[in-house]
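Here is a short briefing to read alongside the sequence and the 3D view. Take the points one topic at a time and find each residue as you go.

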Amino acid sequence: MTSNSNIQKIRKDLHFSRDEYESRLKNIRLKMQEENLDLLLLSDPCNIYYATGYDAWSFYVPQCVLISASNDEPVWIGREMDRHGARLTSILSDSNIVAYDDKYVQSQIYHPMSVMASEIRSRYGSDIHIGIEMDSYYIDIQAYLKLQTELPNCKVSDASLLVNWVRAVKSPTEIGYMHEAATLVQNAMQSAINLIQPNVRECDVAATAYSNLVSSNPDFAGSYTSTPPLIPAGERLNTPHLSWNSSRYQNETQINLELMACRNRYHMPLGRSVYLGTPPANLETIESAIVEGLDAALDFIKPGVMACEVEATWQKAAAKYNVQKSARCGYALGIAYPPTCGEKTISLRPDDKTILEEGMTFHLMPAIWHEGNSLVITEPFAVTKNGAETFCNFPRKLFVK
């Protein structure tokens, strides 16, 4: 059994400098002050990772990080078996890593929020203003009601996207990890395209993509992604969220590939389409619309333009081919855990007037999923002082084999 003295000597596996974490916490607290919050309870693993570095597949049970408006170190609260993971991966000292007993896990009698509420009372008081992430995949109605019951004198407000907006502008280190993820996703895309041919199974293409998303670069590794490879083909083509089966590809078949790589939780998606045989004329028209729209939008992007203007620029270029897209054509990109890679903040769509800033990162994805007119060509990019910088250098075209 490991002694406490030995635990303290364990080297922490941090992906950023202490100074960067301190800067993040400072910016989070500034947002908390704007909302008059005494305490922020984070449940989204993306935001927990951003604020503390904690990184583990433990988000299927209740866990949180508490950030006070003062300069106190944040507090992690999670399952006992995950305590050591918090020691290894977070910036937190051992006194601020709190674990609950396994009797609280998926119990009809006990709830982990009781432990969290007890820590809040003992550390911060019982009549404070708490912000929680109400629009989070990782906190449920029962947990919210339990918190209110345990802390009846506390004011509880919605702080769902507070940290998400702080994350919107990336540091050079963050963007560096995204460039590494871009290397992995391009390797995976090329390997998948190379393998696709008649009589090859869809699942074998998925396996090849997975392998390259994780280990195709000798200098660094990829990790599990928020989203699996999405590679519908044939009759399954005209929808974006289907994966694969054991079917074999046939001649005169189209395959849409949406792949995603992850490097230190920073995600990089890339979409392309493959056609086995001779593409129909309407597909070539859609290809021209998407590619010219991508080129126009990327040329237009610079700090100071609005998200809705980027979308309008793509639509205007595509309209020359009588092509339009009703869904958003892009979204903010960065840290992700299952089930989504989007940051839930900025969307490239008509009603989003967010002003783009240097350091913001996006997935520009004007892919088309119309019945009989499906095509996927996407481009992730960062906003720089000189305009859009694409993360990938992969041909923007329909691949014909």
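Leu 40 stands opposite Gly 131 in strand 5. The model shown here is predicted.

**Strand 1 and its partners**

- Strand 1 covers residues 39-42. Strand 5 covers residues 129-132.
- These two strands pair in the parallel sense, over three bridges.
- Strand 1 also pairs with strand 2, residues 64-68. That pairing is antiparallel and runs over four bridges.
- Leu 39 has Ser 68 in strand 2 as its bridge partner.

**Side chains of strand 1**

- In a regular strand the side chains alternate between the two faces of the sheet.
- Look for that pattern in strand 1: Leu 39 and Leu 41 point one way, while Leu 40 and Leu 42 point the other way.
- Are these four leucines buried or exposed? All of them are buried.

**Aromatic rings**

- How many aromatic pairs does a search of the whole structure find? The count is 16.
- One aromatic cluster is formed by Tyr 49, Trp 57, Phe 59, Tyr 137, Tyr 138, Tyr 224 and Tyr 337.

**Lysines over rings**

- Lys 344 lies over the face of Tyr 137, at 4.7 Å from the ring centre. Tyr 137 also belongs to the aromatic cluster.
- Lys 103 lies over the face of Tyr 110, at 4.5 Å from the ring centre.

**The largest cavity**

- The structure has one cavity of 30 Å³ or more. The largest cavity holds about 70 Å³ of space.
- Its lining is made of 13 residues. Asp 44, Cys 46, Thr 340, Gly 342 and Lys 344 lie nearest the centre.
- Which strand gives the most to the lining of the largest cavity? Strand 10, residues 340-347, does, with four residues.
- By class, the lining has six nonpolar, three polar and four charged residues.

How values were computed: Residues are numbered from 1 along each chain as its sequence is written. This is a predicted model: local features need pLDDT of at least 70, side-chain atom pairs count only at pLDDT 80 or more; totals for chains, interfaces and linings use all residues. Side-chain values use heavy atoms; hydrogens and water are left out. On a 1 Å grid over the protein atoms alone, a cavity is a set of points where a 1.4 Å probe fits but cannot get out, and a pocket is an open set with protein on both sides within 12 Å along at least five of seven lines; lining residues have an atom within 4 Å of a point. Grid points are joined across faces, edges and corners, and a volume is the space filled by probe spheres set on the points. Ala, Val, Leu, Ile, Met, Phe, Trp, Tyr, Cys and Pro count as nonpolar, Asp, Glu, Lys and Arg as charged, and the others, Gly among them, as polar. Buried means under 20% relative accessible area, exposed over 50%, partly exposed in between (1.4 Å probe, protein chains only). Two strands pair if DSSP finds at least two bridges between them. Rings of Phe, Tyr and Trp (its six-membered ring) pair if their centres lie within 6.5 Å; planes under 30 degrees apart count as stacked, over 60 as edge-to-face and the rest as tilted. A charge sits over a ring if NZ of Lys or CZ of Arg is within 6 Å of the ring centre and within 35 degrees of the ring normal.
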